[in-house]
Number of protein chains: 2
Amino acid sequence: MEKYKKELEYSYTFGIFPTFELINKKSEYVQKIMIHEKLKITQDIQNLIDICKNKKIPVEFCTKQIEKITDKENTLIAGVFNKYNSQILSNKNHIVLVNPSDMGNLGTIFRTSLGFNVTNIAIIKPCADIFNPKTIRASMGAIFGLNIELFDNFDDYFAKNNKQNMFPFMLQSNCPLQSIDNSVKKQPFSLIFGNEGSGLDTKFLQIGKSIIINHSHNIDSLNLPISVAIALYEFTKK
Amino acid sequence: MEKYKKELEYSYTFGIFPTFELINKKSEYVQKIMIHEKLKITQDIQNLIDICKNKKIPVEFCTKQIEKITDKENTLIAGVFNKYNSQILSNKNHIVLVNPSDMGNLGTIFRTSLGFNVTNIAIIKPCADIFNPKTIRASMGAIFGLNIELFDNFDDYFAKNNKQNMFPFMLQSNCPLQSIDNSVKKQPFSLIFGNEGSGLDTKFLQIGKSIIINHSHNIDSLNLPISVAIALYEFTKK
């Protein structure tokens, strides 16, 4: 075990909540659970240990290991799991993120998407590391309940999913989200968002129906997870 | 100048964007602007220096000072300003945050509120430090365009603002945001949100009209800035 870096074929969940989600949703990829000697064995923790026993996942008490891989953070429980590939399902609703660069943003978007039952996420490379423990922590473990597929470029995504109703979100659109009739919000939808700094290229104006979330001139832009959340709310509400 | 801590009567803006906002919106509180020798003097930076000259704000080239106050962050420009009090305006729309504990969340909420033209923010103590450079950075400087007033408790806020239409957002409510008729969303509104971990106390069910933002059972809760953003979108859309 060593401190996380992108090249490793495994990664970590830090903290009880993401570790629970890992064990419940992706137990087949778990190597082991590590517990710090300072962890109080509450009923929740005992439940987690019992689940591990049932699923034949090793549970180790290894204080030094945890301290080594987490820096000075106050982490008392960690999971170790092998990175895995997953594939999105066509004909389901998608979130499509083009070149997202911030791990905290990615995690927050994962959590929000799962919260709105949109469980297929396409990500266009280059992008932030989806398996970095920071991303996982920001997602509160929601990452383990999603299908997340990485694509080399948008054309690859489009070729495999061209039956989707595409909605690129961009400041150059002249169609405000709040003005869109319910009949336009057709499922399966793909809600497409650009990079935090640069947004989507103008070529996306030619794809599907572009949408803008209006905001005052007092700010430069809404932040990315905020835009995704508002779009998800509007597209999924009954 | 020393590294930021809460007790100081001044604080810092790190980076060009928050520093610009500080100078444009709250120049009366600025002590000085500090520039690192590695900063490239672009047209934007020259504009900023010119504005400072006009407003008689000192601009110092002091590389060591900046490095001292920012740790190892790659900050090349910083503002120094005196902390100030501001007051919210009654009869305007408010965001009310009860015991928010995370500085990044606070900053994101400030940025989003300004984006939806809701510029009066009430915060009930105890709360995260609104003037910590982390809060300011997360707000992208939006903090300087807002009236933010701190209250010792909710009753104090309520006593001074009892003409507001109050909407506590809480999981115990049985009224989903998406089902609320436009006639209910009366202005001036106060959208009230609890702490990240504990939410609002059940006593808030007795105040105004409580609302829930529905989410799937696959997540514990939406994160706080996401909930605030969705509520702001729904209450301000035409």
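**Close-up views of a predicted model**

View 1. The elements covering the buried residues of α1(B) include β1 (10–14), β2 (30–35), α2 (43–54), β4 (77–82) and α5 (133–138) of chain B. The structure shown in this and the following views is a predicted model. Helix α1 of chain B comprises residues 16–25, and its buried residues are B:P18, B:T19, B:F20, B:E21, B:L22 and B:I23. In an α-helix there are 3.6 residues a turn, so residues three or four places apart point the same way.

**View 2. An open sheet in chain A.** Five strands of chain A form an open sheet with parallel pairing, in the order β7-β6-β5-β9-β8. From one strand to the next, the twist averages 20 degrees.

**View 3. The pairing of β8 and β9, with helix α7.** In chain A, β8(A) pairs with strand β9 (residues 189–193) in the parallel sense, over four bridges. Within this region, A:M166 stands opposite A:S190 in β9(A). Helix α7 (residues 224–236) of chain A packs on the sheet and touches β5 (94–98), β8 and β9 of chain A. The direction of α7 makes about 160 degrees with that of β9(A).

**View 4. The loop residue A:D102.** The loop between β5 and α4 (103–115) of chain A contains A:D102. This residue, A:D102, is partly exposed, with a relative accessible area of 34%. Apart from its neighbours within four places in sequence, A:D102 is in contact with A:A128 and A:E196. A:I57 lies 45 residues from A:D102 along the chain, and the C-alpha atoms of the two are separated by 32 Å.

View 5. Rolling a probe the size of a water molecule over the atoms shows where empty space is left. In the whole structure, a search finds one cavity of 30 Å³ or more. The largest cavity holds about 60 Å³ of space. Its lining consists of A:F17, A:E21, A:R111, A:S139, A:M140, A:G141, A:A142, B:N218, B:I219, B:D220 and B:S221. By class, these lining residues are four nonpolar, four polar and three charged.

**View 6. The second largest pocket.** About 620 Å³ of space lies in this pocket. Its lining has 27 residues, and those nearest the centre of the pocket are B:N195, B:E196, B:G199, B:S221 and B:L222. The lining divides into 11 nonpolar, 12 polar and four charged residues.

Conventions
Residues numbered from 1 in each chain as written. Chains lettered and ligands numbered in written order. Predicted model: local features only at pLDDT ≥ 70, side-chain atom pairs only at ≥ 80, totals over all residues. Heavy atoms only, no water. Pairing = 2+ DSSP bridges. Helix = DSSP H or I, 4+ residues; strand = E, 2+ residues; numbered from the N terminus. Axes fitted to C-alpha atoms, helices over the stretch in contact; angles between N-to-C directions. Contact = heavy atoms within 4.5 Å. 1 Å grid on protein atoms, 1.4 Å probe; cavity = no way out; pocket = protein on both sides within 12 Å on 5 of 7 lines; lining within 4 Å. Points joined across faces, edges and corners; volume = space filled by probe spheres on them. Nonpolar A, V, L, I, M, F, W, Y, C, P; charged D, E, K, R; others polar. Buried < 20%, exposed > 50% of the residue type's maximum accessible area, 1.4 Å probe, protein only.
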